[in-house]
Amino acid sequence: MKRYKALTFYGMLILLLLVVAAAAPYIVPYDPYAQNLPTALEAPNGIHWLGTDRYGRDIFSRVLVGAQTTIFSALLLLSVISVFGIFIGIISGYYGGWIDTVLMRITDVFLAFPEMIFAVAVAAALGGGILNAAAALALVAWTKYARLARGLVFTVRHMPYIVAARMNGTKNSAIMSRHILPNIAGTMFVTAALDMGTIIMELAGLSFLGLGAMPPMAEWGAMMNNGRSMIQTAPWVVVSPGAAIFLTVAIFNLFGDSVRDYLDPKQ
Amino acid sequence: MHKYIIKRCIQLIPILFWITFLSFSMMHITADDAVDMFYEQSGAVSEAVKAEKRKELGLDKPFFVQYGSWVTGVLTGNMGTSFISNKLVFETFIDKLSATVELMLVSLSMTLLIATPLGVLAAVKQNTALDYLLRFTSFIGNSLPNFFVALLLIYFFALKLEWLPIMGNQSDWHTVVLPAGTLTIAMGAKYMRQIRSVVLEELEKAYVAGARARGIPESTILLHSVMKSVCITVITLAALSCGSLLGGTAIVESIFMWDGVGKMAVDAILTRDYPLIQAYVIWMSVIYVMVNLAADLAYHYLDPRIRLEEGDGR
């Protein structure tokens with residue numbers, strides 16, 4: 001019961017976060033892109049809650065809109081890699097044989113690259129932009145899901161209910177989607193939930209390096225990159241988006257932990 | 001054991017091929033821009049001059065010819081010259097690699113020295129105030145992106161307290177503290193969490209109960225039995241974090257102006273200096289693959305269970 005409460009609580013927080021991110025353009029007090037040089041680099045005050053950046057843009061508004069950029073691109077990335085990875089993993093684990101060998105050798109290739117370094121290379125080849133950064137991370141990150149799904153399929157594919165379904169003449173596609181997928185979905189969901197924080201940090205990191213979101217786009221990593229040279233005189237320019245990343249990642253991590261505790265039968 | 005080592009080394013060959021092939025093709029897709037970039041500063045330049053430069057750099061030949069000559073170069077340590085500085089790429093890379101390796105080793109040892117005892121302590125004192133405090137700290141460390149940690153450390157320790165320099169030459173050990181500390185915070189948080197759960201898991205096992213029943217002191221149990229499994233976890237973590245370390249140094253090095261390969265790569269991307277980027281991607285991946293291989297061999301040596309499994313003819 002306690003675990004269920006934790007799950008609901010963090011689930012609600014996530015929901016709140018998503019609603020704020022989705023509604024950001026409509027609830028911001030100022031236009032996040034409107035420059036107003038006379039009010040540049042104001043410290044946090046009653047009018048600009050988190051201060052202004054060097055172009056006089058309201059940081060609170062930019063952080064809110066940045067939530068949309070960062071969270072939704074991370075969610076998009078996560079859904080693409082988990083769906084694709086699970087698909088490949090199930091095919092590989094279910095059919096085995098040469099299909100498995102070929103698919104797993106392909107994952108080997110991508111796993112040979114450290115994630116961020118591959119992303120740096122792809123970002124360099126594709127050029128900047130938040131979607132390119134996401135694509136760069138996706139190219140490496142799907143392999144993890146494929147590997148995990150394949151391993152899980154291995155443990156269930158000789159279970160009596162699968163064998164029974166096969167003897168009944170159930171089609172392979174139906175066995176995979178109706179019997180295997182529901183069985184491994186829990187573990188995969190936990191992995192994805194725990195991954196969200198890392199993905200947000202990696203995406204923001206690429207933007208921070210200037211390989212992701214491009215200015216003037218309001219994105220947390222890019223905003224921090226913008227303010228880092230002024231950290232001594234105007235620390236709020238860096239701290240506000242940084243704290244936003246921290247809080248979001250923390251909430252997603254807590255949510256991931258609570259999902260795991262809830263679904264893990266071991267405990 | 002020998003058979004296993006040989007088998008693993010043979011498996012490396014196709015992987016190394018794909019690493020070089022993929023990184024080469026990725027750079028190739030956009031490599032023409034480099035010539036445009038090169039002449040951008042010098043104002044309007046006719047297409048004839050650009051074509052001449054492309055010829056000089058070998059960018060006008062067919063794809064596979066370029067790949068072939070390039071890969072032979074890689075094998076002989078000749079990766080061409082930088083588009084921008086005209087220096088030899090391989091030498092530039094090796095030159096800067098030592099700084100990155102130094103940063104990685106310092107942060108890895110700091111992590112191990114801090115996280116291992118704290119992880120064990122949290123497990124031994126499970127569910128006490130100390131355990132909660134350590135877990136909370138590790139949670140915070142896990143949720144902070146390293147570039148934010150870096151900037152916070154700069155703000156507090158370099159600008160406000162003025163204890164440590166932000167950047168400077170490498171000969172002064174003070175300069176390594178902040179960049180290495182940044183990497184340590186994220187890694188240490190992860191290590192502590194993992195080590196704590198491994199120790200807890202081990203302490204539940206029957207052999208520990210048996211040892212306790214025989215009256216063996218708790219410290220002996222911890223040091224002699226439990227630490228063995230902690231070792232395996234630490235090796236796994238170190239091998240895994242080698243990947244994120246290699247990538248993470250790119251961010252940290254550019255923030256602290258640490259003159260290593262990570263900063264070199266980021267600078268190279270901004271100037272589209274493809275030979276340098278290629279060298280970075282390939283050599284970092286090769287190092288990563290090698291470290292993983294070493295870790296696998298280390299498990300073999302340390303964990304008889306894995307040794308037996310491999311013996312099953314898998």
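**Exercise 1.** Determine how helix α10 (residues 218-256) of chain B is oriented against helix α12 (residues 274-302) of chain B, and describe the contact between α10(B) and α12(B) by residue class.

*Solution.* In this predicted model, the two helices of chain B, α10 and α12, pack at an angle of about 175°, and their axes are 10 Å apart. Since angles over 145 degrees count as roughly antiparallel, α10(B) is therefore roughly antiparallel to α12(B). The residues that make the contact include Ile232(B), Ile235(B) and Leu246(B) on α10(B), and Ile287(B), Val291(B) and Tyr299(B) on α12(B). Sorted by class, this contact has 14 nonpolar and 3 polar residues, with no charged residues.

**Exercise 2.** Find which helix gives the most to the side of domain 1 of chain B that touches domain 2 of chain B.

*Solution.* The domain assignment of chain B places domain 1 at 2-75 and domain 2 at 93-302, and the C-alpha centres of these domains lie 33 Å apart. Domain 1 contributes 16 residues to their contact, while domain 2 contributes 14 residues. Within domain 1, α1 and α2 (32-40) each supply at least two residues, and α1(B) gives the most, with 11 residues. The side of domain 1 divides into 12 nonpolar, 2 polar and 2 charged residues.

Notes
Residues numbered from 1 in each chain as written. Chains lettered and ligands numbered in written order. Predicted model: local features only at pLDDT ≥ 70, side-chain atom pairs only at ≥ 80, totals over all residues. Axes fitted to C-alpha atoms, helices over the stretch in contact; angles between N-to-C directions. Helix = DSSP H or I, 4+ residues; strand = E, 2+ residues; numbered from the N terminus. Parallel < 35°, antiparallel > 145°, perpendicular 65-115°, else oblique. Contact = placed C-beta atoms within 7 Å. Nonpolar A, V, L, I, M, F, W, Y, C, P; charged D, E, K, R; others polar. Domains from an automatic or database assignment.
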